[in-house]
Amino acid sequence: MTRLVLVGPPGAGKGTQAVALSQRLSIPHISTGDLFRAHVAEQTPLGEEAKRYLDSGELVPDSVTNEMVRERLADSDVKAGFLLDGFPRNTKQAEVLGEMLAESGSELDAVIQLDVPEDVLVERLLGRGRTDDTEEVIRRRQQVYQSETAPLLDYYRDILVKVDGVGEVDEVSSRIVNALDARA
């Protein structure tokens, strides 16, 4: 069983690595962004609530995100494991995730931190060519990530696996798999 969380700053390649690892490890990739979009599209009660926040440009509250993740973790395809991307974002969500897993008698196996220097992140994000991706905005997002995520990394220090996130997709995926194998 493989229960993983993938963390890293904007531009670290979490989404790309999550897809690659999900296929390589044969476990579902669970992205909070995908959950939000699915719930909004299906017009579920949680989706309607999330949409109100998303439409006004606000963050979806933890209570809504937690419930979406709780429902997803109850699906049968996650019994053999999962890879969470975008959750938890803070220690309160991490505590809730721990409680959810404990209810089913399980726990996380590892938290993978994609480590990428800030200058590389800025270069990657500027390269996407999005109009809202100015260097100032990108650097601000990096600061927000650092302030919000540093406590999370400390919270998971016993199961944290730090991996160099610079390189080709397959190269980084191999580093992650090798780091996980070394822990086993």
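Glu118 lies in helix H6, residues 118-127. Helices here are DSSP runs of H or I with at least four residues, strands are runs of E with at least two, and both are numbered from the N terminus. This is a predicted model, in which local features need pLDDT of at least 70, side-chain atom pairs count only at pLDDT 80 or more, and totals for chains, interfaces and linings use all residues. Residues are numbered from 1 along each chain as its sequence is written, and side-chain values use heavy atoms, with hydrogens and water left out.

Back to Glu118. Its relative accessibility is 34%, so Glu118 counts as partly exposed. The cut-offs are under 20% relative accessible area for buried, over 50% for exposed, and partly exposed in between, with a 1.4 Å probe and protein chains only. Leaving aside neighbours within four places in sequence, Glu118 is in contact with Arg139 and Gln142, where contact means heavy atoms within 4.5 Å. Pro10 is 108 residues away from Glu118 along the chain, yet their C-alpha atoms are separated by 9.8 Å.

Next, the interior. In soluble globular proteins, nonpolar side chains tend to be buried together. A nonpolar core, as used here, is a set of buried Ala, Val, Leu, Ile, Met, Phe, Trp, Tyr and Cys residues joined through side-chain atoms within 4.5 Å. Which members of the largest core touch the most other members? In this core of 28 residues, they are Leu73, Phe82, Leu84, Leu97, Leu108 and Tyr156. Two or more residues come from each of these elements: strands E1 (2-7) and E3 (81-85), and helices H2 (32-41), H3 (45-55), H4 (62-73), H5 (91-103) and H7 (135-155). H5 gives the most, with five residues.

Take Leu84 as an example. Beyond four places in sequence, Leu84 is in contact with Leu4, Val5, Leu6, Ile30, Val69 and Leu97. There is also a second, separate core of 18 residues, which includes Ala12, Ile27, Leu83 and Leu121.

Phe36 is found in H2, and at 15% relative accessibility it counts as buried. Not counting residues up to four places away, Phe36 touches Leu54, Val60, Thr65 and Met68. Phe36 and Leu54 are 18 residues apart along the chain, with 9.2 Å between their C-alpha atoms. Arg72, in H4, is at 16% relative accessibility and therefore also counts as buried. With the residues up to four places away left out, Arg72 touches Pro28, Ile30, Leu35, Asp77 and Val78.

Now the helix pairs. How are H4 and H5 placed? They pack at an angle of about 25°, with their axes 11 Å apart. Axes are lines fitted to C-alpha atoms, for helices over the stretch in contact, and angles run from 0 to 180 degrees between N-to-C directions. H4 and H5 are therefore roughly parallel to each other. The classes are under 35 degrees for roughly parallel, over 145 for roughly antiparallel, 65 to 115 for roughly perpendicular, and oblique for the rest.

The second pair is H1 and H8, the latter being residues 169-183. Their axes come within 10 Å and cross at roughly 60°, so H1 and H8 are oblique to each other. On the H1 side the contact is made by Thr16, Gln17, Ala20, Leu21, Arg24 and Leu25, and on the H8 side by Val169, Asp170, Val172, Ser173, Ser174, Ile176 and Val177.

Last, the backbone. Most residues other than glycine have a negative phi, and most peptide bonds are trans. Where are the exceptions? The peptide bond from Phe87 to Pro88 is cis, with omega near -5°, and Pro88 sits in the loop between E3 and H5. Ser26, in the loop between helix H1 (14-25) and strand E2 (29-31), has a positive phi near 55°. Ser26 is exposed, with a relative accessible area of 63%. Gln43 is not a glycine either, and its phi is positive at about 55°. The place of Gln43 is in the loop between H2 and H3, and with a relative accessible area of 57% Gln43 is exposed.
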